[in-house]
Amino acid sequence: SANRQRDKGDAKRFRTGINALDEIIGPMVGGDLVIVLASQGDAKTVLGLQTALQCASVAPSLYFQLEMPGEQMGVRELTWAADTDSKTILEGDMDFALDERMKGALKDYATLPIYIHDEGRIRFSQIRAQCVAMKRSKGLGFVVIDHISLVRMDKKYSSSFERIDELCADLKALAKELDIVVMALSQRTRGAQRRDDPTP
């Protein structure tokens with residue numbers, strides 16, 4: 001289990017690379033399920049991608065992007081890495097210094113074993129199959145699900161709470177079975193954001 005690996009000290013340890021967040025989460029090891037809950041527009045995708053890139057230096061990472069094309073994710077990450085904005089990149093309005101920063105970021109990322117699956121809404125059974133296949137073929141240490149409300153389940157549930165509860169249990173079981181870290185991104189409901197106290 002993850003706890004036994006920590007005790008023995010022989011586990012691969014993953015970190016987000018963001019000190020404040022790492023202090024809250026602590027080092028992540030195989031078998032861990034980490035759920036990141038945030039409001040719309042709080043840059044969950046950027047956080048997930050930056051963490052996957054950080055963790056890819058330890059072991060191969062797999063990112064399930066269920067909301068936007070992989071190319072759009074790449075543009076977001078390059079804007080952060082090159083300290084610019086997406087409009088500048090998309091319109092090609094770059095000076096020499098920015099061009100050099102872009103080339104440096106692309107060179108760094110090209111060597112990292114990170115794979116993006118962006119086919120949209122898929123079933124949990126398909127996510128599991130992809131993870132098992134990659135673990136066997138290339139190795140796998142870190143997985144991001146962006147985001148869990150878009151994952152389809154194989155049966156009907158009486159409420160969204162019941163569905164998410166079952167999905168989280170399945171993701172935890174997957175993390176333990178394959179000895180990987182699973183980070184699931186989730187968006188707070190608008191109802192929770194409207195309350196005087198928005199704490200879930």
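Accessible areas here come from the Shrake-Rupley method with a 1.4 Å probe, and for residues only the protein chains shown count as cover. This is a predicted model, where local features need pLDDT of at least 70 and side-chain atom pairs count only at pLDDT 80 or more, while totals for chains, interfaces and linings use all residues. Residues are numbered from 1 along each chain as its sequence is written, and side-chain values use heavy atoms, with hydrogens and water left out.

View 1. Helices (H or I, at least four residues) and strands (E, at least two) are DSSP runs, numbered from the N terminus. Read from that end, the order is α-α-β-α-β-α-α-α-β-α-β-α-β-α. The protein chain exposes about 11,300 Å², and carbon and sulfur atoms supply 49% of that. Of its 200 residues, 43% count as buried (under 20% relative accessible area; exposed is over 50%, partly exposed in between; 1.4 Å probe, protein chains only). Take the contacts (heavy atoms within 4.5 Å) with a separation of 6 or more: residues 24 or more positions apart account for 73% of them.

**View 2. An open sheet of five strands, paired in parallel.** The strand order is β1-β5-β4-β2-β3. At the edges sit β1 (33–38) and β3 (114–117), each pairing on one side only. Neighbouring strands are turned by 15° against each other on average, direction ignored (axes are lines fitted to C-alpha atoms, for helices over the stretch in contact; angles run from 0 to 180 degrees between N-to-C directions). Two strands pair if DSSP finds at least two bridges between them; β2 (residues 61–65) and β3 have four, in the parallel sense. Look for phenylalanine 64, which stands opposite histidine 117 in β3.

**View 3. Helix α8 lying across β1, β4 and β5.** This helix covers residues 160–178 and runs at about 140° to β1. In the loop between β4 and α8 you'll find histidine 147, joined to aspartate 146 by a cis peptide bond with omega of about -10°. The loop between α8 and β5 holds aspartate 179, not a glycine, yet with a positive phi of about 55°. Aspartate 179 is partly exposed, at 36% relative accessible area.

**View 4. Lysine 44, buried without a salt bridge.** This residue belongs to helix α3 (residues 44–55). The nearest side chain of opposite charge is aspartate 42, 6.4 Å away. A salt bridge would need a side-chain nitrogen of Lys or Arg within 4 Å of a carboxyl oxygen of Asp or Glu. Leaving aside residues up to four places away in sequence, lysine 44 touches Ala38, Ser39, Leu185, Ser186 and Gln187.

Technical notes. Lys and Arg count as positive and Asp and Glu as negative; His and the chain ends are not counted.
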